[in-house]
Structures are given as structure tokens and as C-alpha cells.
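This report is meant for someone meeting the structure for the first time. Please look through the sequence and the model below before reading on.

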Amino acid sequence: MRTMRIKTVRLKNFRNYGEQTVEFSNGLNVLSGKNASGKTNLLEAVYLAGVGRSPRTSKEKELIKYNEDCASVKITVEKKYRSHSVELYFDKSGKKSVKIDGIPVQKMGELLGVLNVVFFSPDELKFIKDTPDVRRRFMDISLSQQKKDYFYALQRYTKALKQRNNLLKQNSPAALEDLLDVWDVQLANEGAKIVLERNRFIEELAAPAKAAHLAVSGVNELLELSYETDVEGVSYEEIRVCLIKKLSAAREKDIRLQFTSVGPHRDDIAIFLNGADARRFSSQGQQRTAALSVKLSELKLFLRETGETPVLLLDDVLSELDETRQNLLIKEASFAQVILTCTSFPVNSPRNLFIVENGTVLKM
Ligand SMILES: Nc1ncnc2c1ncn2[C@@H]1O[C@H](COP(=O)(O)OP(=O)(O)OP(=O)(O)O)[C@@H](O)[C@H]1O
Ligand SMILES: [Mg+2]
């Protein structure tokens with residue numbers, strides 16, 4: 001088994017940090033500190049280097065320390081065959097640049113897959129009852145890291161969707177039928193790739209998630225996941241043709257509504273617990289257990305898909321779980337590098353403990 005791991009994180013004027021270097025170890029790393037000390041900020045920097053965007057904000061200027069002009073994050077990561085460095089730079093004017101191994105990259109897609117991360121925070125524990133866009137984002141971020149082609153298909157799809165929606169908002173869209181035809185074909189071509197990959201992703205996630213849920217819940221509760229879509233078909237071509245038909249059938253309605261009402265941007269993950277729709281009927285405890293099970297399976301899927309475990313970022317989740325679930329999480333995650341934050345660590349003195357205080361990190 002291969003474990004991707006972060007060796008060092010260097011921050012400069014990132015959020016509440018000045019200049020800070022942190023060296024992480026294999027296995028479990030614990031960041032402990034009071035509220036507002038900078039724990040989540042550090043995880044945010046790591047996530048950013050993995051995914052290319054913040055889990056908290058789309059306004060990158062917010063990442064720059066107050067009263068400073070620019071911020072940077074540099075991470076070195078040790079992988080199966082070699083080490084890599086990822087560097088991000090932001091300035092006040094909105095300029096952003098990314099370097100991999102010191103070489104500037106033009107497309108964000110090139111960043112994906114260099115450092116893979118799975119992020120888990122109390123927000124994610126609500127994933128089951130959240131709105132469908134949250135579950136779509138989960139699939140999109142995970143798949144984009146695992147497969148660059150997915151990321152590029154998603155980018156093209158999103159662009160085509162925007163263009164189609166813009167057309168639908170025009171005064172006389174009926175006069176633009178030819179243009180709509182063009183965008184329908186684009187949407188179907190890219191959309192079919194998205195549906196196909198998401199379908200497969202959820203199919204592969206389902207069995208390990210079911211097993212994890214049985215183990216974590218301690219009761220005989222059946223967790224079932226499936227990809228929820230109006231689009232039918234198994235092969236790329238079947239899905240593509242179906243999408244074309246659906247788009248064409250929805251056109252009149254879409255012109256009236258001024259947006260595109262069918263396609264993978266409307267899809268969801270169906271989640272059932274003992275046959276009942278968990279999105280509507282699950283208790284808070286059931287939701288947490290199911291969300292945790294899904295995340296743990298995501299970790300396994302990364303390993304299967306890329307041959308390496310991603311870095312697991314656990315932000316403040318232990319306090320939200322009871323002791324059985326805490327222990328299970330730590331045990332299940334033990335084969336990955338874990339960076340975990342907490343205000344007070346509930347388990348006996350961990351080996352790699354860092355104290356975070358007011359924007360400085362100290363190794364104990
Ligand atoms: N751009 C910025 N410049 C300076 N400080 C910032 C910036 N953005 C956020 N902060 C500060 O960072 C602190 C929050 O850090 P962070 O979210 O990492 O806290 P935390 O240690 O995770 O706390 P908690 O335990 O409450 O989750 C806040 O005090 C906030 O004001
Ligand atoms: Mg925090």
C-alpha cells in the first residue's frame with residue numbers, strides 16, 4: 001500500500017499566519033489549540049494546494065493576511081515515485097499563480113492529482129441532509145482529483161451550461177434555436193462523461209460505505225447509495241443520446257423558465273437507510289454515521305483508483321462523534337497520513353502533537 005504524505009507546509013501571510021513552516025510526520029498529526037488560533041486555516045492551506053480552491057471561500061483575497069499585499073503556500077509532498085512541491089501565490093490585485101516543482105502551470109487542472117486530500121469537517125457530517133449541490137460537489141471534487149479528464153469535462157460542461165442559460169435569458173430565444181442546438185450537443189457530449197463517471201463512483205462507493213456503516217453504527221442498519229439521475233443508459237453513447245432527447249424535450253419549458261432544467265447539474269446521490277430516504281428521514285446520529293461511512297469509503301476508493309492513499313484532513317470532527325466512532329475513525333484512517341485538529345485531544349498523548357497559538361505552530 002502506498003501513502004501520499006506531506007512533508008512540509010510553508011505559509012507566508014496566509015490568513016492569520018506570518019511566516020510559518022510546519023513539518024509533518026507519517027500517520028497521525030494532531031493540531032491542538034484554542035478557538036481562532038489558526039487550526040482550520042492551516043488545513044485550508046493544505047486543501048488549497050490539493051484542490052486549487054478553498055473549502056471556505058471563493059474570494060481568494062480573503063486568504064491574504066490583513067494589511068499585507070500577498071500570500072503564499074508551499075507544500076512538499078512525498079509520493080509513490082518521487083517528491084513534488086506545490087506553490088500557490090495570491091496578491092491583492094487578484095493575481096494567482098501556481099507552480100509545480102518550481103514550474104509555473106497555466107491550467108488549474110494540472111494541479112489536480114499532485115496532492116490528493118480528503119477533507120472532513122462538522123459541515124460534512126451534515127452532508128446527508130444538505131442540499132443536492134453539496135453532494136454533487138462531493139462527487140465532483142473527489143472525481144476531479146482522481147481523474148483529470150473528469151475535471152476537464154466538468155469545466156467544459158459548466159461553460160456550455162452557462163452559455164445555454166445565457167441564451168435562454170435573451171428576449172427571443174426561439175429565434176436562437178440553431179445556437180441552442182449547438183449547446184445541447186456540447187452539454188450532452190460532456191454531460192454523458194459526467195453521468196457515467198459519477199455513476200461508477202457511487203457504485204464503487206456503495207459496498208464499502210455499507211460495510212463501514214454496519215461497523216460504525218453497531219446496529220444492523222442498511223446503508224444504500226445510488227446515483228440519482230433522470231438520464232437513462234449504461235454506455236456513454238446511450239447516456240449521450242438520452243441527454244440530447246431530454247434537452248430537446250425540455251427546450252420549451254427551459255425557454256419559459258430561462259434555465260436548463262435537465263442534466264447532471266440537477267442530479268443527486270440517493271441515500272437510503274433501511275429502505276427509507278435518509279435525506280429526509282434520518283436522525284442526526286444516523287446522518288453522522290452515514291456521512292462518516294461515506295468519507296471512509298472515499299479514502300479507500302482513492303487508493304484503488306490512484307494506487308495511493310490521500311492525505312486525510314479532519315477538522316474538529318472528533319468532538320462531534322462518540323468514543324466508539326472516534327476510535328473507528330482513527331483505526332480506519334491509520335493507513336493514511338492524517339492531519340487532525342481539535343481544541344483538546346481526547347485520546348492519550350499522540351506522538352505528533354502540534355500546538356497552534358495565535359498564528360504560530362509549535363511542535364511538541
Ligand atoms: N485574512 C486574514 N488575516 C488575518 N487573520 C485572519 C484572516 N482570515 C482569518 N483570520 C483569523 O483567523 C482566525 C481563525 O482561524 P481558524 O479558523 O483557523 O481558527 P481555528 O483554530 O480553526 O478555531 P476553531 O477552533 O474555532 O475552529 C480568526 O481569528 C480570524 O480572524
Ligand atoms: Mg476551526
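## The pair at β10 and β11

Phenylalanine 272 stands opposite aspartate 277 in β11, in what is a predicted model. Strand β10, covering residues 268-273, is joined to β11 by two bridges, and the two strands run antiparallel.

These strands belong to an open sheet of three strands, whose order is β9-β10-β11 and whose pairing is antiparallel. The edge strands of that sheet are β9 (223-228) and β11 (276-277), each of which pairs on one side only.

## A buried strand, β12

Is strand β12, residues 311-315, buried or exposed? Five of its five residues are buried, so β12 is largely enclosed by the rest of the structure.

Which strands pair with β12? Strand β8 (residues 117-120) pairs with β12 in the parallel sense over four bridges, and within this pairing valine 118 has leucine 312 of β12 as its bridge partner. Strand β13 (residues 338-342) also runs parallel to β12 and is joined to it by four bridges, with isoleucine 339 of β13 as the bridge partner of leucine 313. Together with helix α8, which spans residues 323-332, the strands β12 and β13 make a right-handed β-α-β unit.

## Around ligand 1

The shell around ligand 1 holds 16 residues, of which Asn16, Asn35, Lys39, Thr40 and Asn41 come nearest. Helix α1, which covers residues 39-51, supplies the largest share of the shell, namely three residues.

## The chain as a whole

In its secondary structure, the chain comes to eight helices and 15 strands. Of its 364 residues, 44% count as buried. Among the contacts between residues at least 6 apart in sequence, 71% join residues that are at least 24 apart.

How does the extent of the chain relate to that of a compact globule, and what radius of gyration does the chain have? A compact globule of 364 residues would have a radius of gyration near 21 Å, and the chain has 22 Å, which agrees. Along its principal axes, the C-alpha trace spans about 65 × 55 × 35 Å.

How values were computed: Residues numbered from 1 in each chain as written. Chains lettered and ligands numbered in written order. Predicted model: local features only at pLDDT ≥ 70, side-chain atom pairs only at ≥ 80, totals over all residues. Rg over C-alpha atoms; globule rule 2.2 N^0.38 Å. Buried ≥ 20, exposed ≤ 12 C-beta atoms within 10 Å, placed from the backbone. Contact = placed C-beta atoms within 7 Å. Near = placed C-beta within 6 Å. Pairing = 2+ DSSP bridges. Right-handed = clockwise from strand over helix to strand, strands pointing away.
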